[in-house]
Amino acid sequence: MDPAVTTPVTPPVDSGPSRAVLAARNGVAVVFALNGLAVASWFARVPAIRDGLGLTPGRLGLLLLAMSIGAIVAMPTAGLVTQRLGAARSVVLATLLVALGLTIAGVSASVAAWLPGVAVGLFALGYGSGSCDVAMNIEGAAVERRLGWTVMPRFHAAWSLGSVTGAGIGAGAARLGVPVAVHLGVLAALVLGGTLLGARAFLPVEPEADGATPAGRRRRLLAAWREPRTLLIGLLVLAAAFAEGSANDWLAVAFIDGYDFSEAAGAAVFGVFVVGMTLGRTVGTVALDRWGRGPVLTATILLAVVGAGLAVLAGSGPVAVVGVALWGIGASLGFPVGMSAAADEEEHAHVRVSVVAVIGYTAFLAGPPLLGLLGDHVGTLRALLVVPLLLLPTLLLVPAARPPAAVGAGASVRAGSDA
C-alpha cells in the first residue's frame, strides 16, 4: 500500500440522546400532565363544593388547608423514598393516593355533604400529589441532564396543559350539572391508569453508592438543610408557589364574588391563568437557553407582579382577565427553574429537591387560610393583592438559582448557565 495514501477517518457522529432517554422524557411529560389534570379537576369544582357545603371564605380556606398539610407531611421524606424505591414506583404509589383522595373528596362533598370526609380526601390528595411532585421532578431533572438541554419547564408546561384540560372539563361539568362525585371519580381512574403507563418508560434505577443506609440518607438530608444556596432556592420556589397556588385556590371564587362571573365563567378564568402558565413554560425553555436563569426569572417575576395587580385592580372583568393571563405567564418559570437549580448536582438531587419542595409547599400550607381570612375582611378579590406584594422582594433571591461554578463549567445541561 502506498504510504502516502491514507484512509480517511470518519469522525464520530453524535447520535444524540438514546431512545431510552427520549422515552423517559415522554413518560415524565405524561406523568406531569396527569398530575396537573388531577389537581385542576379538584380546583375547578371548588365553587360548587363551597356552595354545596355553605362555606364562608375563611372556612373554605381552612378546608383547603387539609390538602396543603398532606403535601407538607409527605415532602420531607419523599426524596428519600424516591431514592429507595425509584421514581417510577414512587409516582405510581403516590398517584394511587391522589386517585383515592379525589374519589373520597368528591363523594363526601356531593353525596354525603360531609365536611370531615372532604378534609380526609383532600389530605390524601395532598399527600399523594406532594410525593408525586418530588419524584417526578427528580426524574425530570435526571432526564434533563441526559438530554443536554433545558426541558424542565416543558415538563411543568405539560402539568399546566393537564391543568388547562382539567379546568376545561371542570367548567363543562359545572355547566352540564355533572355531580362532583361522578366527575372526580372518573378523572381519578383515568389519571391512575395513565400514570401506570407513563411511569413504565422512566429511566432504570441505578444502584446507590455511598450513603445508601438509612442513617446515611438521613445525614445527607440534614446536610442539605444547612446549605445556604438550597435554602435560598427554597424561598424563591416558595414565592413562586404562592403566586401559582393562590390562583389555583382563589381565582375562580374571586372572579365570581368580585366581578359577578358565573360558576362556569369563574372556572374558565382559572383556565386562562393555566393557559398563560403553559405558554410561559413552553416558550421559557428557549429564553432560558439563550439568556440564562437570572435575566429570565427577573423578567417573569415582574410580569407576574403587573398581571396580578391588574387582575385585582382593573375594575373591569375583561381587562382583569388580561391581567390573569399575564399573571400566569409571569408565574410560570419560578417553580420549574427552582427545581432544576436544586438538582444541578445529581448526587445530591434527591435530598435537595425534597428540601426545596418542603419550603416551597409551605406557601400552599399558609396561602389558603391567609387569603381566606383576609378575604373575610376585604373580599376574596382584594385579598389577592398579597401576591404582587410578596413577589417584589423575591427578585433579591434570583441569583441563588444560577448554576454553581463547578456545575456551570461542565454541566450536561447547557441551558440556564448564566455565564
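A residue is called buried when its relative accessible area is under 20%, exposed when it is over 50%, and partly exposed in between (1.4 Å probe, protein chains only). Keep that handy for this tour of a predicted model, where local features need pLDDT of at least 70, side-chain atom pairs count only at pLDDT 80 or more, and totals for chains, interfaces and linings use all residues. Residues are numbered from 1 along each chain as its sequence is written, and side-chain values use heavy atoms, with hydrogens and water left out.

**Stop 1: Asp-260**

Select Asp-260, in the loop between H9 and helix H10 (263–291); helices here are DSSP runs (H or I, at least four residues), numbered from the N terminus. Is Asp-260 buried or exposed? Its relative accessible area is 69%, so it is exposed. Check the backbone too: phi is near 60 degrees, a positive value in a residue other than glycine. Most residues other than glycine have a negative phi.

**Stop 2: Val-31**

Now jump to Val-31 in helix H1 (residues 19–44). With 0% relative accessibility, Val-31 counts as buried. Leaving aside neighbours within four places in sequence, its contacts (heavy atoms within 4.5 Å) include Val-91, Cys-132 and Phe-202. Val-31 and Cys-132 are 101 residues apart in sequence, yet their C-alpha atoms are 8.9 Å apart in space.

**Stop 3: salt bridges**

Side chains of opposite charge can pair when their charged atoms come close. A salt bridge here is a side-chain nitrogen of Lys or Arg within 4 Å of a carboxyl oxygen of Asp or Glu, and the count comes to seven.

Select Arg-352 and Glu-227, whose side chains meet in one of them (2.8 Å, N to O). Arg-352 sits in helix H14 (residues 349–378) and Glu-227 in the loop between helix H8 (214–224) and H9, 125 residues apart. Arg-352 is buried at 11% relative accessible area, while Glu-227 is partly exposed at 22%.

Next, pick Glu-244 and Arg-281, with their closest N and O atoms 3.3 Å apart.

**Stop 4: a hidden space**

Finally, select Leu-236, Ala-240, Leu-297 and Gly-330, which are among the residues lining the second largest cavity. Helices H9 (228–259), H11 (293–313) and H16 (386–394) each give two or more residues to that lining.

Conventions. 1 Å grid on protein atoms, 1.4 Å probe; cavity = no way out; pocket = protein on both sides within 12 Å on 5 of 7 lines; lining within 4 Å.
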